[in-house]
Amino acid sequence: MIIQVSKVNKSYIDKEVLKDISLVLEKDDIACLVGVNGSGKTTRLEILRGTLLPDSGTVWKRPNLKIGYLTQPPDFDFEKTPREILTEVFSDLIEEEKEIHALAETLGEIDDENDPRLHEYTERLEAFEEKGGYEYPSRIRGMLAGLGFREEEIDHPSGMLSGGQKSRLLLARTLLEDADLLLLDEPTNHLDLSSVRFLEDYLMNFPRAVLFVSHDRAFIDRVATKIFHLESHELTRYAMRYTKYVKERKKDERNKIEKYLSDQKEIERQEEIVRRFSNYGRERYIKQARSRAKLVERMKADLSKPVA
């Protein structure tokens with residue numbers, strides 16, 4: 001488990017957005033958060049990211065959890081090229097590479113095979129290679145090509161890019177950040193079909209967790225293995241593909257309508273009993289009427305009309 005959300009509530013002035021929301025994400029979940037516009041999906045992502053605090057409830061995150069979030073609008077330096085912007089993601093690796101090269105230059109001075117610098121160089125080089133240290137230039141090129149950038153575009157200032165291209169560059173940076181959890185809000189926006197297919201393959205092979213919001217049903221069905229349905233401020237988890245979720249959701253909605261109608265009938269029945277007992281006029285029946293009236297009030301308070 002990397003994140004656990006318990007009984008979270010969030011309101012804006014007098015508008016309730018989230019009510020008693022609970023959610024658990026495992027380290028390899030690929031989940032989609034679905035719901036109508038205005039249901040609180042983006043608010044949920046912001047709370048998980050930590051940029052928005054809930055009014056009540058708790059959000060637990062695994063220590064040192066690294067979260068990659070698809071930000072909007074673009075926050076990079078428009079003077080820099082797409083290649084330069086993505087290269088910044090690997091700044092730690094690049095610094096490590098410089099240090100290893102500097103250490104390698106000192107090895108020619110060594111006469112003693114037991115010199116600790118030899119052991120240090122071997123260890124650091126192996127660790128660097130395990131992290132894919134020499135692969136980052138090709139990963140950058142592959143990511144840019146996969147998301148639809150032509151070769152001549154990747155070395156021009158990013159300020160020359162269109163709005164859609166800047167969004168794709170943001171997505172590329174987020175995907176390369178080596179996060180433990182990716183939070184993606186409408187990641188297929190501004191992508192053509194081939195780029196959507198590239199993103200699908202990338203996410204399906206991503207070794208860590210992904211939670212995304214999307215209205216692209218085909219994309220959701222191919223990528224997500226869990227669905228979190230947000231409706232009427234409440235969250236329901238479905239551990240299944242989108243196509244199966246749609247069928248299960250319809251079944252759940254029918255059950256909710258049937259229960260709602262049944263509860264309404266029961267309330268009407270209890271109200272009739274209250275009226276009848278009250279009309280009897282005897283103390284024993286009046287006490288029973290009052291008791292049942294309280295029951296009716298609780299039933300009405302718990303009654304929730306299904307969303308059409």
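**A walk through the model**

Author: Happy to. Glu79 sits in the loop that runs between strand 5 (67-69) and helix 2 (82-87); helices (H or I, at least four residues) and strands (E, at least two) are DSSP runs, numbered from the N terminus. This is a predicted model, in which local features need pLDDT of at least 70, side-chain atom pairs count only at pLDDT 80 or more, and totals for chains, interfaces and linings use all residues. Residues are numbered from 1 along each chain as its sequence is written, and side-chain values use heavy atoms, with hydrogens and water left out.

Reader: Is Glu79 buried or exposed?

Author: Buried means under 20% relative accessible area, exposed over 50%, and partly exposed in between (1.4 Å probe, protein chains only). Glu79 has 65% relative accessibility, so this residue counts as exposed.

Reader: How far apart are the end C-alpha atoms of helix 9?

Author: The expected span of a helix is 1.5 Å times one less than its number of residues. Helix 9 (residues 242-280) has 39 residues, so it should span 57 Å; the model agrees, with the end C-alpha atoms separated by 56 Å.

Reader: Which residue just after helix 9 takes a positive phi?

Author: Helix 9 has buried residues, including Tyr242, Arg249 and Phe277. Just past this helix, a positive phi of about 80° is taken by Gly281.

Reader: Which residue forms a salt bridge with Asp263?

Author: A salt bridge is a side-chain nitrogen of Lys or Arg within 4 Å of a carboxyl oxygen of Asp or Glu. The closest N and O atoms of this pair are 2.8 Å apart. The partner of Asp263 is Lys259.

Reader: And how many residues apart in sequence are the parts tied together by Asp29 and Lys226?

Author: Asp29 and Lys226 form a salt bridge, with their closest N and O atoms 3.1 Å apart. Asp29 lies in the loop between strand 2 and strand 3, and Lys226 in strand 8, so the pair links parts whose separation in residues is 197.
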